[in-house]
Amino acid sequence: MAPDKILDAKGLMCPMPIMKTSQAVRELPVDGVLEILATDPASKPDMEAWCKMTGNELLSASEEPGTPKVYRFTVRKKK
Amino acid sequence: MSEQLHGKKKLVLVASKGTADALYPALILATTASAQGMPVHIYFTFGGMKLLTRGSAGGIKPSADLGLSQEQLAGLLQKGGMPSLPDMLKAARESGVKIHACSPTMNLFGMTEKDLADGVCDDVIGAATFLQLASDPEALALFI
């Protein structure tokens, strides 16, 4: 599924990827999908926790090998 | 991590130290909690008040404990896309974090509201108001 918006947060450290995700999701309509790219090593647990706390849906989470490793997430805005 | 969400829905922080390695963690927790939809309050007191004081916010150094110079830390933070402390404070306020200045600290150091940088805080409060904020059973209160 093609995302409505892509957020490139590669190279940013905690908490910037989550702050930028929060801002980007706020600008989406309900049911809109955001793709996030990040390299912060805590990206996966942090994105899972953020989705759980805010009630948004984590549709996918994957990792691409490399130095640094790139994490790719898709999130659907629920409310 | 446990799947169960706990009952703490509000974050209340005391920022008591005027060093970069104390103020960054406070602002990182505050901005993240705000991004997670929690109401957040930071009570700046004693050394922490430097961040709210006109003319001193830009010169905040790391503590000796961190083992880095101000320039070394600034370089590392910049590499990670981290804003300066005044910009983090601004981002926190813009995301809805409530900033409280400590009135006993201001009395102690002979400060008035004119000594506070423009637009950095919501109000000046004392210990009683802080304790009221922190007494909410849904509040997670931390001293940094």
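1. Chain A holds an open sheet of 4 strands in the order E1-E2-E4-E3, with mixed pairing (strands pair if DSSP finds at least two bridges between them; strands, E, at least two residues, and helices, H or I, at least four, are DSSP runs numbered from the N terminus). Strand E1 (5-9) and E3 of chain A stand at the edges with a single partner strand each, so one side of each lacks a neighbour in the sheet.

2. A word on the model: it is predicted, with local features needing pLDDT of at least 70 and side-chain atom pairs pLDDT 80 or more, while totals for chains, interfaces and linings use all residues. Residues are numbered from 1 along each chain as its sequence is written, and chains are lettered from A in the order in which they are written.

3. E3(A) and E4(A) pair in the antiparallel sense over 7 bridges. Phe73(A) in E4(A) is the bridge partner of Ala61(A).

4. Now to H2(A): Ser43(A), Met47(A), Trp50(A), Cys51(A) and Thr54(A) are buried there (20 or more other C-beta atoms within 10 Å of a residue's own, with C-beta atoms placed from the backbone). Seen down the helix axis, the buried residues of H2(A) fall within an arc of 95° (taken from the directions from axis to C-beta atoms), so they line one face. After H2(A) comes Gly55(A), with a positive phi near 80°.

Note on methods
A residue is buried if 20 or more other C-beta atoms lie within 10 Å of its own, exposed if 12 or fewer, and partly exposed in between; C-beta atoms are placed from the backbone.
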